[in-house]
Amino acid sequence: MGQSERREGELPPGQRLQRGWPVTHYGPVPRFKPERWEFQVFGATADGGKRAWGHEEFAALPYATVMGDFHCVTRFSMLGVEWGGVSTAEILRLAPPAPDVTHVMVWAEYGFSSNLRLADFADPRSIFATHRGGEPLTAEHGFPVRLIVPHLYAWKGPKWVRGVEYMTSDRRGFWEERGYHNIGDPWNEQRYSYQEEPGDGPEL
Ligand SMILES: Nc1nc2c(c(=O)[nH]1)N[C@H]1C(S)=C(S)[C@@H](COP(=O)(O)O)O[C@H]1N2
Ligand SMILES: [Mo]
């Protein structure tokens, strides 16, 4: 694991600034069905139970804003974006993980997923964003909820999030199984899985 030398508001190596906000994802944009939508926390929770919030309940959780950069592994970046939503710290407080949890899997519509080390997930700037610049997210950008982890490449932030799984060991998510780096630190240009060093992730 390399030393992360993150610098907010600066371009990581090999990235360029992007005007506007491109839409990047695999597969179709899901249609939001409020009556069936739930945000679940499951897996190795502290009390062994599962938590679930319906859409109105989720929208009523404490609203936080953070400034965060956005770095796509295809080399475009946006700097200094204001994200609003529910902080990962709030989710960890409301649905605490068991003491031996080391990683989380963030699950989205259609089974899309991304794995994160608990410390990356719990970072003070990590947020389940519902808004950008005070405006609700559009469907293409992840409405009603997407994860933003400003210090990692943006594939680590699933759009259309539906749940968080607490894990006691690491497992690869969707892109992490398909050639992208298990950790994804843009300051160390951790783009592809072939760059991984021992300890960076589970065997492929
Ligand atoms: N559900 C889902 N979330 C996803 C992806 C995806 O394919 N599916 N792609 C990721 C990638 S690679 C990037 S760069 C960002 C793009 O977010 P944007 O379309 O809002 O710019 O979403 C991430 N979240
Ligand atoms: Mo991306």
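Where does D200 lie? D200 lies in the segment after β11. The model is predicted; local features need pLDDT of at least 70, side-chain atom pairs count only at pLDDT 80 or more, and totals for chains, interfaces and linings use all residues. Residues are numbered from 1 along each chain as its sequence is written, chains are lettered from A and ligands numbered from 1 in the order in which they are written, and side-chain values use heavy atoms, with hydrogens and water left out.

Figure 1. D200 counts as buried at 4% relative accessibility (buried is under 20% relative accessible area, exposed is over 50% and partly exposed is in between, with a 1.4 Å probe and protein chains only). The D200 side chain reaches the backbone nitrogen of E197 at 2.8 Å. Between D200 and W175 there are 15 Å in space, C-alpha to C-alpha, and the two residues are 25 apart in sequence. Strand names follow DSSP runs numbered from the N terminus (helices are H or I of at least four residues, strands E of at least two).

**Figure 2. Strand β6 and its partners β7 and β11.** Strand β6 covers residues 103-108, and five of its six residues are buried, so the rest of the structure largely encloses it. An antiparallel pairing over five bridges links β6 to β7, residues 113-117 (two strands pair if DSSP finds at least two bridges between them). Within that pairing, H103 has R117 of β7 as its bridge partner. The two strands form a hairpin with four residues between them, and Y110 in the turn has a positive phi of about 60°. Strand β6 also pairs with β11, residues 161-167, in the antiparallel sense over six bridges. Here V104 stands opposite Y166 of β11, and V106 has V164 of β11 as its bridge partner.

**Figure 3. Strand β11 beside strand β2.** Six of the seven residues of β11 are buried, so this strand is largely enclosed by the rest of the structure. Strand β2, residues 38-43, runs parallel to β11 and is joined to it by four bridges. V41 stands opposite V164 in β11, and V164 is also the bridge partner of V106.

**Figure 4. The residues around ligand 1.** One polar side-chain atom of R146 is 2.7 Å from an oxygen atom of the ligand. A polar backbone atom of Y26 lies 2.8 Å from an oxygen atom of ligand 1. For W21, an N or O atom in the side chain is 3.0 Å from an oxygen atom of ligand 1.

**Figure 5. The largest pocket.** This pocket holds about 510 Å³ of space. Its lining comprises 28 residues, of which T24, H25, Y26, F112 and W175 are the closest to its centre. On a 1 Å grid over the protein atoms alone, a pocket is an open set of points where a 1.4 Å probe fits, with protein on both sides within 12 Å along at least five of seven lines, and lining residues have an atom within 4 Å of a point. Grid points are joined across faces, edges and corners, and a volume is the space filled by probe spheres set on the points. By class, the lining has 19 nonpolar, six polar and three charged residues (Ala, Val, Leu, Ile, Met, Phe, Trp, Tyr, Cys and Pro count as nonpolar, Asp, Glu, Lys and Arg as charged, and the others, Gly among them, as polar).

**Figure 6. The second largest pocket.** About 160 Å³ of space lies in this pocket. Among its 13 lining residues, H55, F58, A59, T130 and H131 are the closest to the centre. At least two lining residues each come from α1 (55-59), β5 (76-87) and β8 (127-132), and α1 gives the largest share, three residues. The lining has nine nonpolar, four polar and no charged residues.

**Figure 7. Backbone geometry at P144, R75 and E189.** Most residues other than glycine have a negative phi, and most peptide bonds are trans. The peptide bond from F143 to P144 is cis, with omega near 10°, and P144 lies in the loop between β9 (135-136) and β10 (146-148). R75, in the loop between β4 (64-71) and β5, has a positive phi near 95° and is partly exposed, with a relative accessible area of 33%. E189, in the segment after β11, has a positive phi of about 45° and is partly exposed at 25% relative accessible area.

Notes: Near = heavy atom within 4 Å. Polar contact = N/O pair within 3.5 Å; in protein donor to acceptor, adjacent residues only side chain to side chain.
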